[in-house]
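Here is a friendly briefing to read alongside the sequence and the 3D view. Take a look at the picture first, then work through the points below.

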Amino acid sequence: MKEDFIVTPWEVKGDVDYNKLIREFGTEEVTDKLLERLKNHTGDLHHFLRRKIYFSHRDLGWILTKLDQGEKFHLYTGRGPSGKVHLGHIVPWLMTKWFQDKFDTHLWFQMTDDEKFLIKEKPLEEVNETSYENALDVIAVGFKPKKTHIFSDIDYIKTQYKLALKVAKKTTFSTAKAIFGFTDSSNIGIIFFPAVQTVPCFLPSELYEKNIPILIPASIDQDNYWRMARDVAEKLGYYKPAQIHGRFLPGLQGMQDEGKMSSSVESTCIFTTDTPEEVEKKIMKYAFSGGQATVEEHRKLGGNPDIDVPYQWLTFFEEDDRKLKKIYDDYKSGALLTGEIKMMLVEKLNHFLKGHQERREKAKDVIEDFMLRD
Ligand code: TYM
């Protein structure tokens with residue numbers, strides 16, 4: 001039985017029941033039939049899609065219909081720069097990159113430094129600087145320079161403000177309260193902020209002076225904003241933005257305790273800037289194991305990959321389906337030990353991070369090619 005859980009843009013706790021979220025949020029399941037349709041356009045499917053790590057959507061079918069009719073979509077995703085980027089944040093960006101590569105389309109990437117200033121105890125200057133520091137990670141993912149537009153809300157508000165006002169005027173406090181759970185003690189900045197996060201759903205249409213379909217790849221915690229955006233879209237004369245929603249990369253100590261990982265608790269996550277030694281230490285020390293207490297018992301009874309965090313992480317980072325299946329089977333039978341599956345993950349992550357960190361260094365020279373400013 002799944003215990004109670006919470007999923008909001010500002011809090012994720014407990015063992016998330018993703019099917020329940022589909023019902024509660026009123027989204028649709030990513031079906032094999034829909035994936036087949038997508039594959040007709042792309043030739044193959046990313047492992048996040050094959051494994052239904054991206055499990056829910058709104059209007060993805062409509063995006064494909066528009067494509068068939070010759071209307072190309074733009075992508076929109078983002079980051080709240082509250083500190084260092086961890087591997088969970090990278091997951092939606094990898095999904096987004098796949099869509100950009102396959103469809104050669106524009107990406108709008110919003111840095112909500114305003115939001116982080118409003119909800120965290122952090123100075124304005126610090127969150128604003130973190131936007132540019134985190135942008136290095138975004139660039140390191142490998143997005144196309146000429147088609148990727150990254151912006152800090154604080155520094156790009158002049159362009160966004162008119163649209164934010166239009167959205168805000170069409171959204172009552174009662175709707176915002178129902179969607180975001182605001183109370184009398186919420187500061188008035190954060191009550192206005194959701195209007196700002198909806199802006200990039202409509203900004204390309206505004207800038208190009210024609211309606212442009214938008215697809216947002218992000219994890220399911222951001223869904224509240226899209227409900228609000230879809231509510232006002234037609235009233236403002238725009239298309240409703242479409243979404244594809246991902247699951248969370250669990251915290252190292254497992255979903256039961258912490259839900260998704262938290263950058264403020266070092267022992268729950270791997271940062272993109274961690275050294276190979278730090279990665280190994282964290283995985284070995286903290287990653288929750290579904291293995292047995294002793295080697296003898298493990299060999300006899302086998303492990304439980306379904307609750308084993310190293311295995312769960314490999315479903316995100318091991319692209320080869322056959323290798324992953326073998327790891328699953330060997331872990332379950334007891335042929336593969338806890339220490340061994342952990343080392344497989346350490347090697348996989350360190351390989352990924354080596355490339356990422358090199359690209360992140362190079363990004364320092366080209367960051368201005370990506371940033372929009374007023
Ligand atoms: P933020 O910075 O909390 O998260 C950035 C992105 O990472 C996703 N995410 C995760 N995905 C998988 N596993 C995890 N453990 C995990 N933790 C976070 C989030 O869903 C998000 O996609 N307000 C937003 C910034 C934003 C945005 C957007 C995000 C502005 N516009 C459009 C997505 C789409 C924020 O604070 O994200």
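**A ligand and the chain around it**

A polar side-chain atom of Gln222 sits 3.3 Å from a nitrogen atom of the ligand, which is a polar contact (a pair of N or O atoms within 3.5 Å; within protein, one must be able to donate a hydrogen and the other to accept it, and residues adjacent in sequence count only if both atoms are side-chain atoms). Keep in mind that this is a predicted model, where local features need pLDDT of at least 70, side-chain atom pairs count only at pLDDT 80 or more, and totals for chains, interfaces and linings use all residues. Residues are numbered from 1 along each chain as its sequence is written, and side-chain values use heavy atoms, with hydrogens and water left out.

**Around the ligand**

- Lys116 also has a polar side-chain atom 3.3 Å from the ligand, here from an oxygen atom.
- From Leu249 it is a polar backbone atom that lies 2.8 Å from a nitrogen atom of the ligand.
- The protein covers 99% of the 680 Å² of accessible area that the ligand has on its own (Shrake-Rupley method, 1.4 Å probe; for residues, only the protein chains shown count as cover).
- The shell holds 25 residues, and the closest are Tyr76, Arg79, Glu115, Ser219 and Asp221 (a residue is near if one of its heavy atoms lies within 4 Å).
- Sorted by class, that shell has 8 nonpolar, 11 polar and 6 charged residues (Ala, Val, Leu, Ile, Met, Phe, Trp, Tyr, Cys and Pro are nonpolar; Asp, Glu, Lys and Arg are charged; the others, Gly among them, are polar).
- β5 gives the largest share of the shell, 4 residues.

**The whole chain**

- You can find 18 helices and 9 strands in the chain (DSSP runs numbered from the N terminus: helices are H or I with at least four residues, strands E with at least two).
- The chain is as compact as a globular protein of its length, because its radius of gyration of 21 Å is close to the 21 Å that the globule rule gives for 374 residues (taken over C-alpha atoms; the rule is 2.2 Å times the number of residues to the power 0.38).
- Of the 374 residues, 54% count as buried (under 20% relative accessible area; exposed is over 50%, partly exposed in between; 1.4 Å probe, protein chains only).

- Thr42 belongs to helix α2, residues 32-42.
- With 10% relative accessibility, Thr42 counts as buried.
- Leaving aside residues up to four places away in sequence, Thr42 touches Trp98, Lys102 and Phe103 (contact means heavy atoms within 4.5 Å).
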